[in-house]
Amino acid sequence: MAEQKHTDKQLRHKFWQFFWRSWAIQTSWNYERQMNMGFMYGMAPTIDEIYGEKPDSPEKLQKKKEAYHRHMAFFNCTPQLTSFVLGLSSAMEEEYAENPDTFDPESINSVKTSLMGPLSGIGDSFFQGTIKIIAFGLGVNMAQQGNIFGPILAMIISIIPSAAVTYWGGKWGYLQGKKNIQKLIGNGTINRIMSLMNVVGLMVIGAMIATMIGITTPIKFGKTFVLQTTLDSIFPQMLSLAFTFGMFYLIKKKVNTAWIMVICIVGGILLSVLGIFN
């Protein structure tokens, strides 16, 4: 496929697309894949540009379907930083279209997955934990004194850094992706990065299981044997991990999501009533 060439005007248009579409990242937010539909909305212009809105060959149509499917995977990140991921993913999609024989498309989602945790940690701390607290702390203080500019100031302080990071994040992600992806592929660095990112991703998932899933058992035998204490001494959060693997098994078996939710809700209530789980 021909290499994607862009004029300065087209690049500016692309950067503004990342900017505006990233604001809709939580559109159609869902419990199964969270921001995936919003992310797909942000990627749609790039995919349409590469393969055409109406592909003129079966091969292009298939590639386009694969790209759409690829970006419907689970995605969750601080909204202000999603433009960076959009820019980088767009650059990688263009690289794959230009070099399909040497570029692994699976690396696109691997990069997305590896960036979600670190960017969310940084972004949530900065925007939610710092900027908003400062902005609305000042705004509320002024509003309590009867100053109408209190809420206005709060919104301005919140919006300016968000808008700046969103625009420049998308621009930087795209330009750095176009500049460095080919170098990383050429010397094999991309494969090593993917391996490290997969490790980081698994570490994040493991931490989420340990902190977000709390399944314990109240079962005791006599006055001395407490099953939960014994399990924790062998493997902390063993029941939470077992539950997660159980859900993963059902998903791999393509069990309908609605049935999985029913199993979780009904099974949880039943096992709790029977005194097996807390």
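Predicted model: local features only at pLDDT ≥ 70, side-chain atom pairs only at ≥ 80, totals over all residues.
Which way do α1 and α4 cross, left-handed or right-handed?

Residues are numbered from 1 along each chain as its sequence is written, and side-chain values use heavy atoms, with hydrogens and water left out.

First, the layout. The chain has 10 helices and 2 strands. Both are DSSP runs numbered from the N terminus: helices are H or I with at least four residues, strands are E with at least two. In sequence order the pattern reads α-α-α-α-α-α-α-β-β-α-α-α. The C-alpha trace spans about 75 × 65 × 35 Å along its principal axes.

Back to the opening question. α1 passes α4 in a right-handed crossing. Helix α1 covers residues 8–22 and helix α4 covers residues 82–98. They pack at about 135°, axes 9 Å apart. Axes are lines fitted to C-alpha atoms, for helices over the stretch in contact, and angles run from 0 to 180 degrees between N-to-C directions. That angle makes α1 oblique to α4. The cut-offs are under 35 degrees for roughly parallel, over 145 for roughly antiparallel, 65 to 115 for roughly perpendicular, and oblique for the rest.

Who touches whom? From α1, K14, F18 and S22 meet T82, S83, L86, G87, S90 and E94 of α4. Contact means heavy atoms within 4.5 Å. By class, that contact has 2 nonpolar, 5 polar and 2 charged residues. Ala, Val, Leu, Ile, Met, Phe, Trp, Tyr, Cys and Pro count as nonpolar, Asp, Glu, Lys and Arg as charged, and the others, Gly among them, as polar.

Next pair: α9 and α10. Their axes come within 10 Å and cross at roughly 155°. The two helices are therefore roughly antiparallel. This crossing is right-handed. F243, M247, L250 and I251 of α9 make the contact with I260, I263 and C264 of α10. The classes here are 7 nonpolar, no polar and no charged residues.

Last, the largest pocket. About 2,700 Å³ of space lies in it. Of its 50 lining residues, E32, F74, I205, M208 and I251 are the closest to the centre. A pocket is an open set of points on a 1 Å grid over the protein atoms alone, where a 1.4 Å probe fits, with protein on both sides within 12 Å along at least five of seven lines; lining residues have an atom within 4 Å of a point. The lining divides into 27 nonpolar, 16 polar and 7 charged residues.

Technical notes
Points joined across faces, edges and corners; volume = space filled by probe spheres on them. Left-handed = near helix turned anticlockwise from the far one by under 90°.
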